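Please view the sequence and the model first.

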Amino acid sequence: MKLVFAGTPEVAVPALDALIASDRHEVVAVVTRPDAPAGRGRRLVASPVAARAEEAGIEVLKPARPRDEDFLARLREIAPDCCPVVAYGALLPKAALDIPAKGWVNLHFSLLPAWRGAAPVQHAILAGDEVTGASTFLIEEGLDSGPVYGVLTEQVRPTDTSGDLLTRLAFAGSGLLAATMDGIEDGTLHAVPQPAEGITLAPKITVEDAQIDWAAPALRVDRVVRGCTPAPGAWTLFRGERLKLVAVKPLPERTDLTLAPGELAASKKNVYVGTGSHPVELLWVQPQGKKPMLAADWARGVRIAPGEHLGPADVR
C-alpha cells in the first residue's frame with residue numbers, strides 16, 4: 001500500500017522505521033506537528049518524526065491544523081491507500097479521514113476500550129494496572145472509539161515509570177502496526193467493534209495532577225511518581241520551593257519508622273518521608289534549577305532540620 005504516516009514525538013519513530021523497512025508498503029509522506037521552540041534559546045526544532053522522515057528522504061507535511069485546505073489538497077494529490085498514525089497530537093477532521101481508501105489506522109498504547117485519550121500509559125500506572133498493551137484501530141470521529149484490528153499485551157513491572165513502559169510499547173507496537181498494514185492490504189484482517197463495557201478515559205496529566213498528596217497512602221505516592229515520570233514530573237514543595245521527585249521506594253508496611261504525612265527523616269545514606277500509610281524512601285530528587293541528584297546528597301546540602309516537612313505548610 002501507499003502510506004502517509006502521521007506522528008510527532010520520539011515514541012512514534014519505531015513505528016515509522018518499521019513501515020519504512022517493510023517490503024510490502026511505501027511510506028510516501030509523513031504528517032507531523034509544526035516545528036516547536038526547544039532548548040534555552042527557544043529555537044524552532046523539527047519533531048523527531050520529521051527529522052527521521054527527512055533523513056530517509058520522505059516528504060514531510062507540517063500543517064498548523066489538519067483541516068487546512070492546502071494540507072487536504074496535498075493529501076488528495078498523494079492519494080494514500082492508508083494513513084497509519086502514532087501520537088500525532090491533533091484531531092483529524094472528517095475531510096481528512098475520508099481521503100485514504102482504507103482510512104487512518106491508529107496505534108494506541110492501551111487495551112481498548114480501556115484508557116481512551118491522550119495519556120493511556122500514565123493512567124495505567126496511576127491505576128495500578130498489572131497488564132496493559134497496545135491496540136490498532138480504525139480512526140473515526142469519536143475519541144479512540146473505532147473498531148480494533150489487533151492487540152498486544154505488556155506486563156507492567158513494579159518499578160516501571162511511564163517512560164519505561166511507553167518505550168517498550170513503542171517498539172512492540174511498531175511490529176503490531178506493520179502487521180496490521182499487511183493484514184489490511186491482503187484482506188485477512190477485519191476491524192472488530194469495541195465492547196460497550198470497560199471504557200475508561202485517560203486525559204492528559206497536568207502539572208497540578210502531578211503534585212504529591214502526602215496524606216495519600218505510600219502505594220499511591222509511588223504510582224504518581226512513576227506515572228508522572230518523565231513528564232510532567234511529580235513534585236512537592238520544600239521550604240516554599242518546588243522539588244521534583246524522580247524516584248521513590250515504599251518501605252515495608254510493617255516498619256519501626258513512624259512519620260506524619262510529609263514529615264522528613266534523614267540519615268547519612270537515606271531520606272524518608274511520611275505518607276498517609278507508611279513511609280517512602282526518597283531515592284532521586286531534582287531541586288528547582290538543578291540536575292537530578294541522589295536524595296541523600298540533596299538532604300546533606302539543605303541540612304534537614306528535625307520535624308521539617310514536604311508539601312504546602314497550610315495543610316499541616
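Which side chain meets that of Lys-249 in a salt bridge? The partner of Lys-249 is Glu-281, at 4.0 Å from N to O.

## Basis of the report

The model is predicted, so local features need pLDDT of at least 70 and side-chain atom pairs count only at pLDDT 80 or more, while totals for chains, interfaces and linings use all residues. Residues are numbered from 1 along each chain as its sequence is written, and side-chain values use heavy atoms, with hydrogens and water left out.

## Salt bridges

A salt bridge is a side-chain nitrogen of Lys or Arg within 4 Å of a carboxyl oxygen of Asp or Glu. By this rule there are 18 salt bridges.

The bridge between Lys-249 and Glu-281 links strand β11 (residues 241–250) with strand β14 (residues 280–287), the two residues being 32 apart. Strands are DSSP runs of E with at least two residues, and helices are runs of H or I with at least four, numbered from the N terminus. Lys-249 is partly exposed, with a relative accessible area of 42%, whereas Glu-281 is buried at 9%. Here buried means under 20% relative accessible area, exposed over 50%, and partly exposed in between (1.4 Å probe, protein chains only).

Another salt bridge joins Arg-52 and Asp-17, whose closest N and O atoms are 2.5 Å apart. Arg-52 lies in helix α2 (residues 48–55) and Asp-17 in helix α1 (residues 13–21), so this pair ties together parts 35 residues apart in sequence.

## An exposed residue

Leu-201 lies in the loop between α6 (162–186) and α7 (218–227). Leu-201 is exposed, with a relative accessible area of 53%.
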